[in-house]
Amino acid sequence: EDKLYSNMPDAIYLHSRRSAARLPKVFERSKNQVNQNFTCEQAKIGREIHQGQAYLVYFYGFGRQENPTEAEILDGLNLTPVFQNAEGKIYGSTLP
């Protein structure tokens, strides 16, 4: 089963009983500073998606303040939406 990453993993679980990992935080509230590891964590997600091991599920208008925007999480990852509707998008790899 492929891994899921999302800005709203609790919503995925509530609707499907399937777990999802939270996207890396842009801002660490507990430390009151920018997450210095964001780029590395983002790249790890990108590698997993391009290896066919994961998908990114991004919901519009939801999530916590420290979550990345859609543009921030997609920056440089070269992902393609494989599904979208008014609530959000599911991204997969653009690589064969």
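**Entry 1: helix α2.** I began with helix α2, residues 38–50, in this predicted model. I found that α2 lies across β1, β5, β6 and β7, where β7 covers residues 88–93. I noted its direction as well: α2 runs at about 140° to β1.

**Entry 2: a residue in α2.** I picked Q42, which lies in helix α2. Is Q42 buried or exposed? I looked up its relative accessible area, which is 7%. Buried means under 20%, so Q42 counts as buried.

**Entry 3: what Q42 touches.** I set aside the neighbours of Q42 within four places in sequence and listed its other contacts: P24, E72, I73, L74, D75 and L77. For E72 I also looked up a distance: the side chain of Q42 reaches the backbone oxygen of E72 at 2.9 Å.

**Entry 4: the sheet.** I then turned to the strands. In what order do the five strands of the open sheet stand? I read the order as β2-β1-β5-β7-β6, with mixed pairing. At the edges I found β2 (21–22) and β6 (79–85). Each of these has a single partner strand, so one side of each is left without a neighbour in the sheet.

**Entry 5: β1 and β2.** I checked how strand β1, residues 3–6, is joined to β2. Two bridges do this, and the two strands run parallel. For S6, I found that the bridge partner in β2 is R22.

**Entry 6: helix α1.** Last, I looked up helix α1, residues 9–16.

Conventions: Residues are numbered from 1 along each chain as its sequence is written. This is a predicted model: local features need pLDDT of at least 70, side-chain atom pairs count only at pLDDT 80 or more; totals for chains, interfaces and linings use all residues. Side-chain values use heavy atoms; hydrogens and water are left out. Two strands pair if DSSP finds at least two bridges between them. Helices (H or I, at least four residues) and strands (E, at least two) are DSSP runs, numbered from the N terminus. Contact means heavy atoms within 4.5 Å. Axes are lines fitted to C-alpha atoms, for helices over the stretch in contact, and angles run from 0 to 180 degrees between N-to-C directions. Buried means under 20% relative accessible area, exposed over 50%, partly exposed in between (1.4 Å probe, protein chains only). A polar contact is a pair of N or O atoms within 3.5 Å; within protein, one must be able to donate a hydrogen and the other to accept it, and residues adjacent in sequence count only if both atoms are side-chain atoms.
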